[in-house]
Amino acid sequence: MLARNRFILVLVVGALLAVLSFSLQYLHLIPTNTMAEKGKNRKRVNPVLHTDPPAPDPIRDTHQYCNYPNLTEHGWEGHSLPDYKLLSVQVMIRHGDRFPLYSIPKTKKPVIDCTLSDKRKPSHFLLASFISHMALGGRGHWDASLGSLPRLPNHSSCEMGELTQTGIIQHLKNGDHLRQAYVKRHNLLTADWSPQQLWVETTGKSRTLQSGLALLFGFLPHFDWSRLTVRQQWSTLFCGSSCDCSARNWYLDQEQHRQYRQRTADTELERTYVAMAKTLGVATKNLRAANPVDALLCHFCHSLPFPCSSSRTIANAPAEEVCLTLQHFAVIRRQQKDDEMERREAGLYRRYAVLAAHPYLNHTAARLERIARGSQMRKGKEEAVFALASAHDVTMTPLLSALGLEGAGFPRFAARLVFELWSSPEVKDKGKNEKISERKRGKELDNMFIRVLYNGEDLTFDTAFCHGHNRHSDQPLCPLGNFLSFVRKDMFNIVNATSYEQACHQTVL
């Protein structure tokens, strides 16, 4: 009788556990391995997420923009199918966290220390050695005026636009992440890398130079200065000798007029500016001209109180502080998100972006094609297998738009955009039962493929040049030829042209 009761008790407990487990899985509290259930390989090159996008939230989006360096870095860089070979990586970054470029009238500037110390948070295990290594920078080769710029932020009270310690840490993390993906996993650069294999370029601002050096140190710790040349780009568009483009300037002018109309038509934004100006005791037009969101972003990202102003409501009474609020900030950020959506619908910015980004994309395409055709030793000169461009939001935003990635959003601090060049394994000739590479057949590009990643997310099949490619076909990667055709001709369809020269100098109405 006792044994029977125990058996019944076991059955009841087992049934209860089964019901509880099913309920938890139904409520998504216990993850289920759907890939295993479908019998698929766990390694995905181009993961497809089937989740609904969250509702717009300006504050949540701002947290993402800040890109806090205490968060663990993840990304799909360096992931590919078995036996594929990584040939080259081209990276563009936005500089890291910086001090504001503008100050809000009648307020104190944020109190932030722009010197570096591994004893102060945020920190990184490479920070102390990075500081020491930058002192040896005189051994490097510097283009134009770059050699006169400070290699480290160095003011105890930050100057306008100066890179912060947070910005340095963001790019040390970026570099270390890319080192794990490309150097450790694929041996992209060996210890004896040549100066020609590494290409580094930056604008003439200290924040971009320092960001690039931080990423490079994370990627190649204690790199040999004597093998490094840092080149300067005179334009934030990285357009080199191809900056002359009257149509690009016209589209930008039209886009700025659209932005102005959108802002002035936003009644909630206008009321907010009036309230903020009253709080600070300044004219509304003066507050608007100071671009207050730039300073407010700094306060928000560094968890500092929003700016205040002293006022007296009664004569001879003690001054009472009145401050800008999170609600003020949220309205401005909401308007910026609304503007991004309207910008995509209007199409003017996309036309500007195609002409603004083409010189950089064309340079990137030419380098990738030379490497793909096996021209690493061309006239005795190797091609850069790792190229780094340290830039600004005004560089990266049109680049994303030109690629068809407008939905990626405004570039956060220390954003990274990566182009990877891959070659597929050699194909097997069934008749002769021997391996023959596509290159030997005279079709050098047929087995060459490109991936585009933004902040670690593989967006290749969201790009304008590869969204139509069947990722579930026998060849799940995007052919390099798609990218080359896009850069050299197809991207100009939106401006009714077939080349950059024609698009730039045709009459625009």
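1. How far is the sulfur of Cys-298 from the closest cysteine sulfur, and in which residue does that sulfur lie? The closest cysteine sulfur belongs to Cys-158 and is 7.5 Å away, which is too far for a bond, a disulfide being a pair of cysteine sulfur atoms within 2.5 Å. Cys-298 is also buried, with a relative accessible area of 4%, where buried means under 20% relative accessible area, exposed over 50% and partly exposed in between (1.4 Å probe, protein chains only).

2. On the basis of the values: this is a predicted model, in which local features need pLDDT of at least 70 and side-chain atom pairs count only at pLDDT 80 or more, while totals for chains, interfaces and linings use all residues. Residues are numbered from 1 along each chain as its sequence is written, and side-chain values use heavy atoms, with hydrogens and water left out.

3. A search of the whole structure finds 6 disulfides, and, with bonded cysteines counted along the chain, they follow the pattern 1-7, 2-3, 4-5, 6-12, 8-9, 10-11.

4. Cys-66 and Cys-301 form a disulfide with their sulfur atoms 2.0 Å apart, and the torsion about this S-S bond is about -80°, so the disulfide is left-handed. The pair links distant parts of the chain, since Cys-66 sits in helix α3 (residues 58-66) and Cys-301 in helix α10 (residues 292-301), 235 residues apart; helices (H or I, at least four residues) and strands (E, at least two) are DSSP runs, numbered from the N terminus. Cys-66 is buried at a relative accessible area of 2%, and Cys-301 is buried at 10%.

5. Cys-239 is joined to Cys-243 by a disulfide with an S to S distance of 1.8 Å, and a torsion of about 95° makes this disulfide right-handed. Cys-239 is buried, with a relative accessible area of 5%, whereas Cys-243, at 26% relative accessibility, counts as partly exposed.

6. The disulfide of Cys-466 and Cys-478 has its sulfur atoms 2.0 Å apart, and the torsion about its S-S bond is about 120°, so it is right-handed. Cys-466 lies in the loop between β12 (457-458) and β13 (478-479), and Cys-478 in strand β13, 12 residues apart; both cysteines are buried.

7. Arg-98 is found in the loop between β1 (85-94) and α4 (127-134) and is buried, with a relative accessible area of 9%. Its side chain is joined to that of Asp-294 by a polar contact of 3.0 Å, that is, a pair of N or O atoms within 3.5 Å, of which, within protein, one must be able to donate a hydrogen and the other to accept it, residues adjacent in sequence counting only if both atoms are side-chain atoms. Leaving aside neighbours within four places in sequence, the residues in contact with Arg-98 (heavy atoms within 4.5 Å) include Asp-294, Cys-298, Arg-207 and Phe-413.

8. The structure holds 3 cavities of 30 Å³ or more, a cavity being a set of points, on a 1 Å grid over the protein atoms alone, where a 1.4 Å probe fits but cannot get out, with lining residues having an atom within 4 Å of a point. The largest cavity has a volume of about 70 Å³, a volume being the space filled by probe spheres set on the points, which are joined across faces, edges and corners. Helix α13 (residues 393-402) gives the largest share of its lining, 3 residues. The second largest cavity has a volume of about 50 Å³, and its lining includes Met-92, Leu-237 and Tyr-360.

Methods. On a 1 Å grid over the protein atoms alone, a cavity is a set of points where a 1.4 Å probe fits but cannot get out, and a pocket is an open set with protein on both sides within 12 Å along at least five of seven lines; lining residues have an atom within 4 Å of a point.
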